[in-house]
Amino acid sequence: MTDWKKIRDKFPALKEYCYLNCAEGSPIAEEVAGAAKNYYDGMKAHGDLIYEEWLDRVNQIRRDVADYIGADSDEIAFTTNTSSGMNVISQMLRGEGDVITMRDEFPSSTLPWLHNGYPVRFVEPVDYSYPISKIEDEVDSKSRILVSSHIQYATGFRQDLDKLSELAKRHQLYFVLNATQSFGTFPIDVKKQGVDFLCSTGLKWTMSGYGIGICFVSKEMQERFKFPAVGWKSVEDPDLMDNTNSEWKHSAQMMETGCLHFPNIFALGAAIDLFNQIGPENITHRILELSQYAVRKLQALRATLLSPIAAEETRSGTLVVKVRKPEDVKLELRKKGIILSKRGGGLRISCHIYNNFEDIDRCVEALKPHLIA
Ligand SMILES: Cc1ncc(COP(=O)(O)O)c(C=O)c1O
């Protein structure tokens, strides 16, 4: 039995706030902050002398991230956020064909493609969901790339990755996954699910703070397409510092063009360690349990939910509820220490492993006078 109280105690922010807003940005655990601080302490005391140790730690974290999503470590690059990964991907696939994506994707999923001149076709939602058949209706002979979030930020809709990947395979589409709203908490197996590219930030569900993202590029895609940017670190042996050498790395690390952002990567590493200690399945189960509890409480008050709640497999840790004057209510709740965000036409409640049932009771009680039936 997981001791959720002990896990909550690792997050000092939860002592002060009823924090239900990890979909925007999550508080971090003591050991995550400690991992970043260790780096600064090391730099303070020893300058660059422990650089090699840091590189070893980066490679360990790369393996841990890869294991977490069923990838090989040479398919993982560290980035700073989701958008930086999506830009690389959209430049790699330039000229390949048209893009299909979802109407209410976060702009990081769509703007890089529009900027790079791809024709983009948007699939319209049905009851806050994207049924596979509806996506398939949009595929035509020019479609080559499918870009989708695993979990939609504005509704919490969770896409079925097995089915989406079957669709991609059937129509020979490159499958690009934005895992920002799921990475760390809902299972992803890039090999099994035929994901070609994936990008995410560590800020939200991965509880690692700002400045860290990951990008997965499958081996096959690395061999087929060219990375759009390189630097001295992109070659097999950067220490040669040969300014004419272009023996590129045979890995996604080729896109890590220069020196890395160690503290942010170490923070991510500590968060993944924590996830592994708790157990990924346990985490998913807990998050669904909490969000389901919120659904029941809100339904009992006849609140209108702007999220797909009918089918269990499309649910996530995110729930949007309709209120009068969402911005005002958000600010009113904030004064009471209850932290939500305004998204998807209402207020978004996102539950993570540090939350408990009392957080939800407190939040629902405060929302009560503002709910729209
Ligand atoms: C689905 C999704 N993608 C991307 C982002 C953020 O992008 P970035 O990490 O580039 O800041 C968000 C933030 O809300 C998001 O919900």
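**Figure 1. Where domain 1 meets domain 2 in this predicted model****.** Here 22 residues of domain 1 are in contact with 20 residues of domain 2. On the domain 1 side of this meeting place, α11 (280–300) and β9 are the elements that give two or more residues. Of the elements there, α11 gives the most, with four residues. Sort the domain 1 side by class and you get nine nonpolar, 10 polar and three charged residues.

**Figure 2. The two domains, seen as stretches of the chain****.** Domain 1 comes in two pieces, 4–27 + 279–370, while domain 2 runs over 32–276, according to the domain assignment. How many Å separate the centres of domain 1 and domain 2? Taken over C-alpha atoms, the separation is 27 Å.

**Figure 3. The largest nonpolar core****.** This core has 104 residues, and Phe 216, Ala 267 and Val 321 are the ones with the most contacts inside it. Which helix gives the most to the core? That's α10 (residues 262–278), with 10 residues. The core also takes in both domains, drawing at least three residues from domain 1 and at least three from domain 2.

**Figure 4. Val 321 and the residues it touches****.** Zoom in on one of the core residues with the most contacts, Val 321. Leaving out residues up to four places away in sequence, Val 321 touches Leu 298, Ala 303, Leu 305, Leu 306, Gly 346, Leu 347, Ile 349, Leu 367 and Leu 371. Val 321 also belongs to β9, which covers 318–321.

**Figure 5. The shell around the ligand****.** Which residues sit around the ligand? They are Asn 81, Thr 82, Ser 83, Phe 106, Ser 108, Ser 149, Tyr 153, Asn 178, Thr 180, Gln 181, Thr 201 and Gly 213. Check their classes and you'll find two nonpolar, 10 polar and no charged residues.

**Figure 6. Helix α6 and its buried residues****.** Helix α6 spans residues 107–115, and its buried residues are Ser 108, Ser 109, Thr 110, Pro 112 and Trp 113. What do the buried residues of α6 pack against? Their partners are helix α5 (82–92) plus the strands β3 (98–102), β4, β5 (143–149) and β6 (174–178). Look just after α6 and you'll spot Gly 117, with a positive phi of about 85°.

**Figure 7. Pro 119, in the loop between α6 and β4****.** Is Pro 119 buried or exposed? Pro 119 counts as exposed because it has 12 C-beta neighbours inside 10 Å, and the cut-off for exposed is 12 or fewer. Now compare Pro 119 with Gln 253: the two are 134 residues apart in sequence, and their C-alpha atoms are 29 Å apart in space.

Figure 8. Where are they? Asp 127 lies in the loop between β4 (120–123) and α7 (132–137). Lys 325 lies in the loop between β9 (318–321) and α12 (326–335). Asp 127 has 13 C-beta neighbours inside 10 Å, so Asp 127 counts as partly exposed. Lys 325 has 11 such neighbours, so Lys 325 counts as exposed.

Note on methods
Residues are numbered from 1 along each chain as its sequence is written. This is a predicted model: local features need pLDDT of at least 70, side-chain atom pairs count only at pLDDT 80 or more; totals for chains, interfaces and linings use all residues. A residue is buried if 20 or more other C-beta atoms lie within 10 Å of its own, exposed if 12 or fewer, and partly exposed in between; C-beta atoms are placed from the backbone. A residue is near a molecule or strand if its C-beta atom, placed from the backbone, lies within 6 Å of it. Ala, Val, Leu, Ile, Met, Phe, Trp, Tyr, Cys and Pro count as nonpolar, Asp, Glu, Lys and Arg as charged, and the others, Gly among them, as polar. Two residues are in contact if their C-beta atoms, placed from the backbone, lie within 7 Å. Domain bounds come from an automatic or database domain assignment. A nonpolar core is a set of buried Ala, Val, Leu, Ile, Met, Phe, Trp, Tyr and Cys residues joined through C-beta atoms within 7 Å.
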